[in-house]
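Please look over the structure below.

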Amino acid sequence: MIDTTFDTTLSYAKQLDSQDPLRAYRDKFYIPKDANGQDLVYMCGNSLGLQPKSTQEIVDREMTRWRELGVEGHFMGESAWTKIHKAYADKMATIVGAKREEVTLMNTLTTNLHLFMASFYQPTPSKFKILIEYSPFPSDRYAFQSQIEWHGYDFNEAIIEMKPQNGETITTAEIEHYIDQHKDELALVLIGGVNYYTGQFYDIGHIAQLAQSHNIYFGVDLAHAVGNLPLQLHDWGVDFAVWCTYKYLNGGPGSIAGGYVHERHHQSNLPKLKGWYGYEEKTRFLMTDYFVGEPDVNSWQLSNQPVLSLVTLEASLAIFEEVGMNALRAKSIQLTTYLSDLLATLDQNTLHQITPHEPTARGCQLSIKLKKGDKNVFHTLRAKGILPDWRNPNVIRCSPTPLYNSFEDCWRVYTELGKIVADL
Ligand SMILES: *Cc1c(COP(=O)(O)O)cnc(C)c1O
């Protein structure tokens with residue numbers, strides 16, 4: 001694995017930066033500073049994306065509209081609050097590879113997971129199980145558990161967690177085997193697009209095809225995939241998906257979440273938890289006693305929009321539109337492969353990359369398991385101006401994000417981490 005001809009010098013990192021066609025985008029974001037006033041090496045885009053410099057102005061715009069228009073802001077102007085969630089749908093749909101009417105913005109991720117499970121998890125005594133990825137994000141697990149119990153089933157009996165045979169990541173053949181083995185008892189397959197812990201990107205299109213061939217609904221949690229890799233939700237035939245927008249999409253803490261439902265379900269009779277903003281837009285304010293739904297995914301909407309947690313996303317969506325997911329992914333592969341190759345030159349008795357090495361099986365995140373040392377490694381890195389994130393018991397996640405991280409950032413992670421583990 002170790003390529004001895006690989007150039008580990010700082011000057012090479014700088015050369016790669018000078019050749020990077022997206023290098024100017026870093027300047028569109030505020031980079032937090034370390035104790036010396038220098039830019040932090042921010043490797044946490046997987047957790048909370050940085051603030052675009054143009055976001056403040058957009059929030060101010062809505063504060064002004066509220067101040068000057070009061071209630072009439074709901075209906076006036078391009079960002080009329082009654083339909084502002086639809087104003088962003090085109091850009092969001094491009095990012096996830098869906099039709100505009102298949103994508104909406106609402107609530108928060110875990111809420112949307114519950115709303116869509118209320119529709120798509122319809123267990124029967126013979127078909128009540130849910131197939132999930134190994135080690136899902138805890139909030140997702142709690143959602144699965146409570147949905148199962150809500151329907152009166154036993155969690156341990158209903159949940160099938162796919163355990164990898166070797167190491168921490170699973171092969172597509174193993175996933176196939178799980179689906180095949182349990183196809184007659186599965187009500188739902190529900191996985192992350194990119195696993196939050198290992199950084200593994202699953203073959204979503206293939207899994208969607210398998211699930212569909214056995215009449216099993218297939219949902220995806222895209223928290224760590226959206227804005228990270230190009231997605232094709234519609235063409236893959238995924239039934240539903242949810243995601244948050246504060247990670248790679250830079251929407252700010254707790255910003256609005258996304259939801260996708262394939263168009264084949266828009267006019268179906270799936271049960272649904274309803275609210276007034278799922279009512280057909282043009283007649284909503286007739287306020288009738290019976291519910292007439294929106295013709296598309298917007299019929300899953302509940303409430304009037306949390307406008308301030310929605311508009312914080314606008315600046316970043318414009319940046320994504322300008323750059324495009326393909327250009328972003330091209331840099332991302334180069335940047336993360338560079339970091340991965342650098343880390344492979346360190347002593348593999350001290351650390352080990354659990355994220356797959358093939359770029360097609362991961363996004364930008366690398367999860368590094370320490371074989372020696374403890375959380376002090378993370379604290380020492382932080383003291384050196386490097387901010388990755390830490391997962392107990394011994395995993396450091398580094399996510400070079402192509403919009404604002406540089407090759408030099410990756411070089412600094414390698415250099416400082418290398419010094420720390422060499423001293424363990
Ligand atoms: C970040 C993340 C969440 C967070 O859920 P919220 O409802 O936004 O707090 C849920 N699931 C996964 C897989 C995540 O990565």
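This is a predicted model.

**Nonpolar cores**

Tyr338 belongs to the largest nonpolar core, which holds 97 residues. Along with Val96, Phe218, Leu222, Trp243 and Leu403, Tyr338 touches the most other members. The top contributor is helix α15, residues 407-422, with eight residues.

**Helix α8**

Helix α8 spans residues 172-182, and its buried residues are Glu174, Ile175, Tyr178, Ile179 and His182. Why are these residues on the same side of α8? They cover an arc of only 135° around the axis, which puts them there. The general rule is that an α-helix has 3.6 residues a turn, so residues three or four places apart point the same way. The other side of α8 carries Ala173, His177 and Gln181, which are exposed. The buried residues of α8 pack against three strands, β3 (129-132), β4 (159-161) and β5 (186-192), and against helix α9 (204-213).

**Ligand site**

Which residues surround the ligand? They are Leu109, Thr110, Phe137, Asp140, Asp221, Ala223, His224, Tyr246 and Lys247. Among them, Asp221, His224 and Lys247 place polar side-chain atoms by the ligand as follows.

| Residue | Side-chain atom | Ligand atom | Distance |
|---|---|---|---|
| Asp221 | N or O | nitrogen | 3.2 Å |
| His224 | polar atom | oxygen | 2.9 Å |
| Lys247 | N or O | oxygen | 2.5 Å |

**Asn349**

Asn349 sits in the loop between α13 (325-344) and β9 (351-353). Is Asn349 buried or exposed? Its relative accessible area is 55%, and exposed means over 50%, so Asn349 is exposed. Not counting residues up to four places away in sequence, Asn349 touches Lys371 and Lys372. Tyr290 is 59 residues from Asn349 along the chain, and their C-alpha atoms are separated by 65 Å.

How values were computed:
Residues are numbered from 1 along each chain as its sequence is written. This is a predicted model: local features need pLDDT of at least 70, side-chain atom pairs count only at pLDDT 80 or more; totals for chains, interfaces and linings use all residues. Side-chain values use heavy atoms; hydrogens and water are left out. A nonpolar core is a set of buried Ala, Val, Leu, Ile, Met, Phe, Trp, Tyr and Cys residues joined through side-chain atoms within 4.5 Å. Buried means under 20% relative accessible area, exposed over 50%, partly exposed in between (1.4 Å probe, protein chains only). Helices (H or I, at least four residues) and strands (E, at least two) are DSSP runs, numbered from the N terminus. The arc is that of the directions from the helix axis to the C-beta atoms. Contact means heavy atoms within 4.5 Å. A residue is near a molecule or strand if one of its heavy atoms lies within 4 Å of it. A polar contact is a pair of N or O atoms within 3.5 Å; within protein, one must be able to donate a hydrogen and the other to accept it, and residues adjacent in sequence count only if both atoms are side-chain atoms.
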